[in-house]
Amino acid sequence: MQDPVALLLTDRADRSAGIAAALEPAMACHVLGMDEPWTGSAPLAGIIADVDIVRSRTRQTVRRLREAVEPGDAPLLVLMRSRSARSFADAKAMGADICLLPRTSPHVVAQTFLAQTSPRQDMIDLTVTRAVGRAGRALNTLLDAARANETLDTEAFEAGVHPILTAVAAGGLIRWLDLVWSFDDATYQHCLLVAGLTAALALHLGFSEADRQHLVSAALIHDIGKARIPLAILNKPGRLDENELRVMRSHAAVGYEILEQATGFDAATLDVVRHHHEMLDGSGYPDGLRGSEISDRVRLVTICDIYAALIERRPYREPMKPADALQVLRDMKGKLDGDLLAAFEQAVFKR
Ligand SMILES: [Fe+2]
Ligand SMILES: [Fe+2]
């Protein structure tokens, strides 16, 4: 059987290349002009309509196309040209399953589309493999620069974040975790796990493009301070003594200092890097924050961080089973945000 493809119907071809490129790791995308018939034979995963739906002729074209290609179940995603109530009404009347606001980025169009469709497992695997490679390179470059006290290249780093969201949106969280578990480097494995889990939670909560991107970026970088922790402590098998623990715990404040001296990292990212070990009851570090002093984004990354640390694979110990790790988080009542933990459970376990 042929791979399912995405069909992009467009009346502004200048945008279509970006959307096709963002979908490409997971799914081929056929671009169709307004007056072109669809003559392909591949099964359709869904239709993206980047057209001016206020025109009745356009709406008819979309309807006809949808009926002709896959009656019933191919989702229709409409890229709106305006936020007006009329545009929404027209899109819904046309059978739109999802409406995206004007100027939604190609990456978010791709992520939203993939979350609605079911790419084949081998395509998901390929998407995840590429995304792990790109995110991993972005992370390593940053960790190396932090170790060597060199300038951090924020632009290259950000480019490694989109693919994580695309891979997880395509349904690749389990594959993501599997692949990342195979890495030996503890910090590398941990940061990629936290980033994948955060992507799943941010997508589940329906966060905006900017918030998703921000959160996953912060999750990927949250332990950058560990670049300055001696390897003998960082990779020590077994328990740390009191002095080693103090050094290890300094990574949150050290990470904050590293990013504060760099350019291109905003206050929200610095907040996550400094405070991801704070607990709602005030028992965390480095600042002993409590309750409302801890932002939602920090609470969210903290849940993913603790869960990732519990399920990580180390040569010297068995990883905790996912259900047991979840129970540990539930038992941390009063320390973690209960609503976000419930959402985490939905996002990661009930897929
Ligand atoms: Fe940490
Ligand atoms: Fe961490």
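**Exercise 1. What volume does the largest pocket have, and which residues lie nearest its centre?**

*Solution.* The model is predicted: local features need pLDDT of at least 70, side-chain atom pairs count only at pLDDT 80 or more, and totals for chains, interfaces and linings use all residues. Residues are numbered from 1 along each chain as its sequence is written, chains are lettered from A and ligands numbered from 1 in the order in which they are written, and side-chain values use heavy atoms, with hydrogens and water left out.

Step 1. On a 1 Å grid over the protein atoms alone, a pocket is an open set of points with protein on both sides within 12 Å along at least five of seven lines, a cavity is a set where a 1.4 Å probe fits but cannot get out, and lining residues have an atom within 4 Å of a point. Points are joined across faces, edges and corners, and a volume is the space filled by probe spheres set on them.

Step 2. The volume of the largest pocket is about 1,200 Å³. Its lining has 32 residues, with Lys226, Leu240, Met248, Ala309 and Arg317 nearest the centre.

Step 3. At least two lining residues come from each of α9 (186-204), α11 (231-234), α12 (242-249) and α15 (296-311); α15 supplies the largest share, four residues. Helices (H or I, at least four residues) and strands (E, at least two) are DSSP runs numbered from the N terminus.

**Exercise 2. Which residues of α1 are buried, and which exposed residues does the face turned away from them carry?**

*Solution.* Step 1. Buried means under 20% relative accessible area, exposed over 50%, and partly exposed in between (1.4 Å probe, protein chains only). In α1 (residues 13-23), Ser16, Ile19, Ala20, Ala22 and Leu23 are buried.

Step 1. These residues lie on the same side of α1 because they cover an arc of only 160° around the axis, taken from the directions from the helix axis to the C-beta atoms.

Step 2. The face turned away from the buried side carries the exposed residues Asp14 and Ala17.
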